[in-house]
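The sequence and structure come first, followed by the points grouped by topic.

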Amino acid sequence: MEKKTFYITTPIYYPSGNPHIGHCYTTVACDSIARYRRMQGYDVMFLTGTDEHGLKIEQKAAEKGVTPKEYVDEIVKTFKKLWSYMNISYDRYIRTTDDYHIETVQKIFKALYDKGYIYKGEYKGKYCTPCESFWTESQLDENGCCPECHREVTEAKEEAYFFKMSPFAERIEKLLTETDYLQPKTRATELVNNFIKPGLEDLCVSRTTFKWGIPVTFDDKHVVYVWIDALSNYISALGFWNEKYNDFDKFWPADVHMVAKDIMRFHAIIWPAMLMALDLPLPKHLAVHGWITFNGQKMSKSLGNVVDPFILGERYGADAIRYHILREMALGADSSFSNEIMINRINSDLANGLGNLVSRTVAMADKYFGGTLPVEREEGDFDAELIAEVEELRAKVDDFMDKTQINNALAEIFKVVSRANKYIDETAPWVLGKDESKKARLATVLYNLLETIRIVSTLLSNFMPTTMPKVWEQIGAAESDITYENAGKFGVLPADVTVHRGEIIFPRIDVDKEIEELNKIIGSKAEPEEKADDGFEPAPVADEITIDDFAKVDLRVALVKDCEKVKKSKKLLCLQLDDGFGGRQVVSGIAAWYKPEDLIGKKVVIVANLKPVKLCGVESNGMICAADTPDGAANVIFPDQDLPCGAKLR
């Protein structure tokens, strides 16, 4: 019988700098899903790679005095080193500079041109070099900057080829609203309202102002612009219209494309339109996750808030890092990262939870039975409850993995870990061990714990592949015991199983000392940022004022009691504040960077004596203080949360 197939992809990463912890989530998540499907018996294709063309690459290579290919070659080495370090089990790695990919892209471009979906015209508009995206005036943010990265855009005018999007608008809207293609589906309304309802604009798909790209075969002045090039990787990697591979019929359509929210639009609208134009089946699911954020901001080299996964891995091991980022990220939402959050998660779940369970169980088997359990058994209280919960675990994990809700799958596993630790307290093996007549009961308790650990660790091996074999060795599990089928059965280990006491798999960490040490290490290894990577030019200092002028501005601390979006605006939030004087309402143009729930319960700084105004029909009595960031975003200033409401800044 032929195996069921499963095809999962990450986006191809843009090699504009060294990878950081923010890059890891998508790849680790896809790796965990791929491993889980392999364990279930699927024939899996897991694809990742790098997107290596474009103006920004050409510019950065020129700055360093190397060719674009030499520039990307070095960065790709670092990406591959990281994926090896993080134990990523990809089946294929594609680079958009690969000859077979170039062949496919050129054929796709020509086919779309021959079908009448691509035509030549002239582009006039706003261009963002970092995002390699054209924008209309209406799509720019409130500062006239790129709506994606909020950097400055430039006027662009050049001859270009365009891909007709409007013929596919109705089908794409139905795809997003009437099917489960997009996960979570809550993102569909945002896409439909922002891009489809106003009318899908034709997409610029070629450039003439730079050469680092795939040449258009029938017009050598042009190179293929990023999205037809980048998105085609998902099928070129399977051998579509090239001779490199022959897997297209086997694996297409993809089961899961997983992407971060900033490139959701391209995968939810442009990619389906391309496939529709080529009369090809659409992927089954697009799973969209949020960003790993640092103090509320997306991790970014230009912001200086990157976290080096190699540094973290050196101290805690790759598996602990894998577990932390998978456990913290809910599909569709952002995940906040800090050293303290990470260490507390390692302590609570891995050290106090799983590590403690393994250590206690193996130590007691060693202490009371010399490592080998006797075959005599005596059932007792709490056994049935534990066994039932363990036997139900695999089905619960299956369900969440089918929904790409990895954090929930891990939560279910660690509920069982907690239940097993509670079972130890309930049965008190240390008491049973003092009574010779209770040895059969003690053996039953320890066997139940070892079986629980076997099933839990079998499922966890897809998320923490390096550590779980160490657990199996300690609990005396054979390779044949560790299968998907056996993860649904209780009673697989031999009755006279022999344990092998080993090192603690996840030692507990002293939080305060470790944070201090980690910050020193990160600071000592941090490389100075190049000015070209920063892109931040501070605004000119305003004209001098006197202290009397400054005294006219009344800055106060206020608590955000409630917050909601202003209905008539995509940019404004309406905040209800406790300002220490009975409360006030302030409207702020920060909706592009903060959700209402991000602000509720936090203290902010306001200009309290600003003359009231109406914004989109909503009265605003003051202004929220925020700072510019290098990427053009607004970073709200959060004062010490212990300051009382109404406290005056001076």
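**Helix packing and a loop glycine**

The model is predicted.

**H12 and H15**
- On the H12 side, Tyr-323, Leu-326 and Arg-327 take part, and they meet Ile-406, Asn-407, Leu-410, Ala-411 and Phe-414 in H15.
- By residue class, the contact of H12 with H15 has 6 nonpolar, 1 polar and 1 charged.

**H13 and H18**
- Helix H13 (residues 339-369) and helix H18 (residues 468-475) have axes 10 Å apart and pack at an angle of about 20°.
- Angles under 35 degrees count as roughly parallel, and H13 and H18 are therefore roughly parallel to each other.
- H13 and H18 cross with left-handed geometry.
- H13 contributes Leu-354, Val-358 and Val-362 to the contact, while H18 contributes Met-468, Val-471, Gln-474 and Ile-475.
- The residues in the contact of H13 with H18 comprise 6 nonpolar, 1 polar and no charged.

**Gly-583**
- Gly-583 sits in the loop that runs between strand S17 (573-578) and strand S18 (584-588).
- Its relative accessibility is 36%, so Gly-583 counts as partly exposed.
- Neighbours within four places in sequence aside, Gly-583 is in contact with Leu-577 and Asp-578.
- Leu-559 is 24 residues from Gly-583 along the chain, and the C-alpha atoms of the two are separated by 9.3 Å.

Technical notes: Residues are numbered from 1 along each chain as its sequence is written. This is a predicted model: local features need pLDDT of at least 70, side-chain atom pairs count only at pLDDT 80 or more; totals for chains, interfaces and linings use all residues. Side-chain values use heavy atoms; hydrogens and water are left out. Helices (H or I, at least four residues) and strands (E, at least two) are DSSP runs, numbered from the N terminus. Buried means under 20% relative accessible area, exposed over 50%, partly exposed in between (1.4 Å probe, protein chains only). Contact means heavy atoms within 4.5 Å. Axes are lines fitted to C-alpha atoms, for helices over the stretch in contact, and angles run from 0 to 180 degrees between N-to-C directions. Angles under 35 degrees count as roughly parallel, over 145 as roughly antiparallel, 65 to 115 as roughly perpendicular and the rest as oblique. A crossing is left-handed if the near helix is turned anticlockwise from the far one by less than a right angle, and right-handed if clockwise. Ala, Val, Leu, Ile, Met, Phe, Trp, Tyr, Cys and Pro count as nonpolar, Asp, Glu, Lys and Arg as charged, and the others, Gly among them, as polar.
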